[in-house]
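Visitor: Could you take me through the nonpolar core of this model, and then show me the pocket as well? I work with computed structures, so please include the cut-offs.

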Amino acid sequence: MVISEKKRQRGLVLAMGGLGGLVMLDESIFGVALPSIRTELDLSPTTAHWIINSYMLAFTCLAAIGGKAIDLFGLRPALIVSASVFAVTSLVAGFAENAAMLISLRVVQGLCAAIIYPMSLAAATLTYGEKERGKAVGISATIATVFLAAGPLLGGVLTEFLSWRWVFWINIPVLAVCVSLTLLLWRPPARIAKRPKVDLMGLILLLAGLTTFIFGLMEGPDFGWSSPFILGPLVIGALGLGGFFRFELKQKTPLIDVQLFFSKSFHTDALIVLLTQMTKIVVVIFVPHFLQLELSFSALWAGFGIIVAVLPYPFLAEPAGRIADRYGTRRPVLTGLTVLALTNVLIGVAIHFESYWGLAPALLVWGVAVPFTMLPATRSIANSLPLEKQGEFGGLVMTARLLGGTLGVTLGSVLLAMETGSTWLFWVMAAIIATCCAYGAVVLEKETEARA
């Protein structure tokens with residue numbers, strides 16, 4: 001059967017959006033399932049959070065290479081290998097009986113996801129022209145965020161009526177359908193970029209720096225911040241990340257083109273993506289934690305309780321992309337950041353008074369603000385890069401997103417381990433977002449809107 005080019009483009013973006021949706025599903029499904037995993041495997045809170053952060057760290061460190069997978073190997077070979085390994089590890093992870101096995105498998109999943117997700121973004125931007133990239137990102141995000149919206153409820157249903165192990169096994173049929181459609185509809189772009197080199201030393205420095213620094217932050221409350229066991233990793237991590245930045249500046253083919261961060265608009269867009277993802281992870285992981293452990297919600301009802309926060313995204317993702325195409329980045333992003341800061345304050349207040357009916361409206365408004373913040377910034381990053389770097393665009397965006405997710409889990413783990421309570425977690429998050437909004441108000445001037 002022959003289909004029109006327009007239908008092929010839309011079908012491809014939808015299929016790749018489904019693959020990106022696996023990442024979104026992972027973000028929201030685990031928040032509901034994590035208390036059950038922690039109870040059944042007898043895990044400490046920090047160890048339980050490593051199940052999430054091990055995946056994110058592996059994903060973060062490899063996302064920059066994953067973004068180049070189309071250029072290095074071609075989409076079909078890279079997708080077949082990464083999706084197959086992801087499916088096998090999902091199957092085995094569902095049978096895990098201890099934290100070590102589960103965390104190890106999550107690392108492998110993170111490595112595979114680091115290839116799959118950037119390809120989903122790159123395929124969307126390569127399929128449509130520059131003037132329609134906001135539309136392409138919006139369509140891809142719409143289908144991906146259907147998974148995000150379904151995650152809490154799906155996690156609650158699976159955990160309540162079957163087992164938390166099904167949060168891994170559910171990945172397998174999704175992969176089978178989306179990969180099959182992608183392989184059928186994909187056509188390589190007419191203009192083929194020169195095959196890039198892989199910066200292995202940069203990868204090692206990034207991996208060493210991020211892993212040791214995040215380890216020090218997460219384990220600090222347990223071992224004490226003055227312990228050599230914590231100070232050592234923090235210092236090594238900081239030196240590793242500093243060394244990574246200096247090393248990348250000197251490379252002709254860097255892992256991440258850090259020169260881009262000297263552009264005020266580019267690094268502000270990247271920071272906005274990072275912080276939007278950070279607040280998203282804080283909400284979808286720690287609100288279900290509060291509902292189950294403090295308000296005694298079951299996993300199913302915690303899933304129902306959090307779904308109000310993620311439900312707006314699928315309906316607003318494409319309109320947010322279109323608005324960014326028409327009006328640029330500055331206005332939607334600054335409005336979104338302001339709303340996110342205010343709603344984080346309100347979420348903290350509702351948690352302080354242990355009121356779900358005060359929490360739900362704040363979560364709903366928060367959910368409306370997320371796409372109008374994330375998608376214009378993502379589109380702005382895409383339009384700042386030439387065609388031959390659109391594969392790298394996926395890696396850059398994903399690195400920012402995953403670093404934000406990792407920092408969100410880390411911030412929550414640290415504050416809860418210090419027994420500050422969930423209220424302070426959201427108030428600190430509000431302060432960080434408000435600071436970014438103030439900086440963006442200064443930096444995001446006519447440069448970003450002219451580029452739009």
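Guide: Happy to. The largest nonpolar core has 119 residues, and those with the most contacts inside it are Ile-37, Leu-102, Val-283, Leu-359 and Leu-363. Helix α11 (residues 264–293) gives the most to this core, contributing 15 residues.

Here are the terms. A nonpolar core is a set of buried Ala, Val, Leu, Ile, Met, Phe, Trp, Tyr and Cys residues joined through side-chain atoms within 4.5 Å. Buried means under 20% relative accessible area, exposed over 50%, and partly exposed in between (1.4 Å probe, protein chains only). Helices (H or I, at least four residues) and strands (E, at least two) are DSSP runs, numbered from the N terminus.

This is a predicted model, in which local features need pLDDT of at least 70 and side-chain atom pairs count only at pLDDT 80 or more, while totals for chains, interfaces and linings use all residues. Residues are numbered from 1 along each chain as its sequence is written, and side-chain values use heavy atoms, with hydrogens and water left out.

As for the setting, the protein has 18 helices and zero strands, and buried residues make up 59% of its 452 residues. Among contacts between residues at least 6 apart in sequence, 85% join residues at least 24 apart.

Now the pocket. About 590 Å³ of space lies in the largest one. Its lining has 22 residues, of which Phe-261, Leu-274, Thr-399, Ala-400 and Leu-403 lie nearest the centre. Helix α11 turns up again: α9 (200–223), α10 (228–249), α11 and α16 (390–417) each supply at least two lining residues. By class, the lining has 19 nonpolar, three polar and no charged residues.

For the pocket terms, a 1 Å grid is laid over the protein atoms alone, and a pocket is an open set of points where a 1.4 Å probe fits, with protein on both sides within 12 Å along at least five of seven lines; lining residues have an atom within 4 Å of a point. Grid points are joined across faces, edges and corners, and the volume is the space filled by probe spheres set on the points. Ala, Val, Leu, Ile, Met, Phe, Trp, Tyr, Cys and Pro count as nonpolar, Asp, Glu, Lys and Arg as charged, and the others, Gly among them, as polar.

Methods:
Contact = heavy atoms within 4.5 Å.
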